[in-house]
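Take each task on your own before you read its solution.

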Amino acid sequence: MPTLYGIVQYWRGRYDEVFPNLKAAYIGWGEPFCFRCGWLAPVDDTQATLAQIWNSARGWLDRAHLQDLALGGSNGSENLVPLCRQCHDIMDPCDSRAEAIAYVNDGVPVDSWWQMHTDAIFNSEANLDVPHKTKIMRDVYTRWVEQMRMIEAAKRGNPQAVKRLEKLLEWARRTAEREGRHFPVTIDDLRGSHPV
């Protein structure tokens with residue numbers, strides 16, 4: 001099976017006819033991303049080559065089959081796309097490439113809060129092996145969903161949710177200060193954000 005970079009090499013010259021909304025159209029190929037939602041994998045994008053950059057995203061991005069292997073699909077680059085764990089997990093087995101391409105093209109863009117959250121949690125220095133990336137990503141996503149529920153409850157005025165959210169923001173502020181970063185988000189910012 002080709003590497004992530006091998007898959008990207010295949011699609012770089014032909015993506016616009018198959019995946020017209022691909023993030024590469026406006027950010028280029030220097031940052032590994034999910035072909036469906038556009039989530040940017042937290043990798044060191046200052047590495048020497050595109051091959052090193054994309055291949056370091058393994059574990060953050062899966063090599064997903066378009067036409068399912070068990071249904072006659074191949075392991076060739078033309079039948080593979082990089083998908084984040086969440087997009088790959090919800091993908092049903094597809095009888096044809098056309099069905100899978102429609103699935104990829106119908107993806108909802110990644111929530112900007114999720115992108116910022118994963119950028120903060122997993123920086124490019126987090127040298128994790130592939131199995132740990134996969135497990136941690138699932139754990140973080142579960143926590144993320146819970147935090148979004150808490151924000152929604154706080155927006156509706158739930159006092160317990162407001163209290164939990166204030167504690168979470170204070171922890172994030174202290175952590176950022178310890179690391180020499182600025183954390184400007186307030187509870188009012190989250191109350192005004194759109195529901196997920």
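## Getting oriented

Of the 196 residues in the protein chain, 43% are buried (under 20% relative accessible area, with exposed meaning over 50% and partly exposed in between; 1.4 Å probe, protein chains only). The model is a predicted one, in which local features need pLDDT of at least 70 and side-chain atom pairs count only at pLDDT 80 or more, while totals for chains, interfaces and linings use all residues. Residues are numbered from 1 along each chain as its sequence is written, and side-chain values use heavy atoms, with hydrogens and water left out.

## Exercise 1: the overall fold

Task: find how many helices and strands the protein chain has, and describe their order.

Solution. Begin with the count: there are 10 helices and two strands. Helices (H or I, at least four residues) and strands (E, at least two) are DSSP runs, numbered from the N terminus. Then look at the extent: along its principal axes, the C-alpha trace spans about 55 × 35 × 30 Å. Finally, turn to contacts (heavy atoms within 4.5 Å). Among those with a separation of 6 or more, 55% join residues 24 or more positions apart.

## Exercise 2: aromatic rings

Task: work out which residues the ring pairs link into a cluster, and describe two of the pairs.

Solution. A pair of aromatic rings is described by the distance of the centres and the angle of the planes. Here, rings of Phe, Tyr and Trp (its six-membered ring) pair if their centres lie within 6.5 Å; planes under 30 degrees apart count as stacked, over 60 as edge-to-face and the rest as tilted.

1. The structure holds nine aromatic pairs.
2. Trp 11 and Phe 19 make an edge-to-face pair, with 5.0 Å from centre to centre and 65° between the planes. Trp 11 is buried because its relative accessibility is 1%, and Phe 19 is buried with a relative accessible area of 1%.
3. Tyr 15 and Trp 29 have ring centres 5.4 Å apart and planes at 75°, so this pair is edge-to-face. Tyr 15 belongs to helix α2 (residues 15–18) and Trp 29 to the loop between α3 (24–27) and α4 (50–55), so the pair links distant parts of the chain, 14 residues apart. Tyr 15 counts as buried at 14% relative accessibility, and Trp 29 does so at 10%.
4. The cluster linked by ring pairs consists of Tyr 10, Trp 11, Tyr 15, Phe 19, Trp 29, Phe 33, Phe 35 and Trp 54.

## Exercise 3: charges over rings

Task: which rings have Arg 14 and Arg 36 over them?

Solution. Apply the test first: a charge sits over a ring if NZ of Lys or CZ of Arg is within 6 Å of the ring centre and within 35 degrees of the ring normal. Arg 14 lies over the face of Tyr 10, 3.9 Å from the ring centre. Arg 36 has its charged end over the ring of Tyr 103, at 3.9 Å from the centre.
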